[in-house]
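Hello,

Here is the structure I promised to pass on to you. Have a look at it first, and then read my notes below.

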Amino acid sequence: MASEKPLVVVTCTAPVNIAVIKYWGKRDEDLILPINSSLSVTLHQDQLKTTTTAAISKDFTEDRIWLNGREEDIGQPRLQACLREIRRLARKRRSTGDADPPPLSLSYKVHVASVNNFPTAAGLASSAAGYACLAYTLARVYGVDSDLSEVARRGSGSACRSLYGGFVEWQMGERPDGKDSIARQVAPECHWPELRVLILVVSAERKQMGSTAGMQTSVETSPLLRFRAESVVPARMAEMTRCIQERDFQAFGQLTMKDSNQFHATCLDTFPPISYLSDTSRRLIRLVHCFNAHHGQTKVAYTFDAGPNAVVFTLADTVPEFVATVRHCFPPESNGDKFLKGLPVRPASLSDELRAALDVDPTPGGVKYIIATQVGPGPQVLAGPHAHLLGPDGLPKATA
């Protein structure tokens, strides 16, 4: 066909999600099927997002991928699983004849470039955003319009939750082939406009064990993990869904903290034990409980993933006082002006009573910085060639 475009390019963005009912442990390592359902909050892409460009052309000789400017090995099993799955879905769509045949041959190779607008090393669920963005972008470039839960999940389990905005559940499913292990939106991003999210990035102490290896060891050795999956999580999923639907912050906050604590308890119950929390993480936990006790109600709630950074949920009117509290307990060492990123927060002063209730020796530099954000939408397609990370030759554009 003479009219065949030499290059088809699509660029999309996808968000980070933070689980409030945690996923930990797989029942199938290959298909990445979880031993329990989970529920997450999608964060706003103005503050945290992955941007991915995918291009296919008859002139490309091999699949290639660049992450944050560096070429990576496209042969990584999880990348390959995503590519295989998308191409399978594209072929299936063509063979069922429910659409015009895709204009481009499915044998064309793909070039992918992906960047995060947040520090990848900070343990901020970059793989979830990354694989959701990869699945979404590849689907657009290959003309696939089916549910992408499976594609994203094959890259990183929690990535399927980043395919939607707002509040999202990942249903564990029961089928051995994983076809019913899918993400579904519980409530849209506009549902709870007052909810705010503060990410407290603590000194980047490297985690001793990655999530994949950690989960595997927990599944093999922790009786508490099995008990949690079978006897605790199902009721918590129902209760968390209710809290969100009714915008019940008190109950939402308490359940979020309890579930985080139980997840870290299963890590300690793993043998040998895994500890993702640092001394600063534990100080932040104590700080949140002191703050809530002072106010006589749950005004802020923490959750920790497999790393030392705290994610704090609160309502908009509490943000200034809590940020001032963190600043008081963890004074910035040098970057006072860069301590707060993201949404603007007006300065607030602490009452003498609150200062007394906190009863802490300040730990300068314990919290590197805070990212203030809110609930946000799912993946987006960016229009216009200026958005593309790949140039007309299919190679990464030179960054200025």
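A residue counts as buried when its relative accessible area is under 20%, as exposed when over 50%, and as partly exposed in between (1.4 Å probe, protein chains only). Please keep in mind that this is a predicted model: local features need pLDDT of at least 70, side-chain atom pairs count only at pLDDT 80 or more, and totals for chains, interfaces and linings use all residues. Residues are numbered from 1 along each chain as its sequence is written, and side-chain values use heavy atoms, with hydrogens and water left out.

Let's begin with the cysteines. A disulfide here is a pair of cysteine sulfur atoms within 2.5 Å, and by this rule the count is zero. For cysteine 12, the nearest cysteine sulfur belongs to cysteine 133, 6.1 Å away. Cysteine 12 is buried, because its relative accessibility is 0%. Cysteine 290 is also buried, at 17%. Its closest cysteine sulfur, in cysteine 329, is 8.4 Å away, so the two are too far apart for a bond.

Now the nonpolar cores, meaning sets of buried Ala, Val, Leu, Ile, Met, Phe, Trp, Tyr and Cys residues joined through side-chain atoms within 4.5 Å. The largest has 34 residues, and Val110, Leu138, Tyr142 and Leu148 have the most contacts inside it. Leaving aside neighbours within four places in sequence, tyrosine 142 is in contact (heavy atoms within 4.5 Å) with residues including Ile56, Ile86, Arg87 and Val110. A second, separate core has 33 residues, among them Leu39, Leu43, Ile244 and Val311.

Happy exploring!
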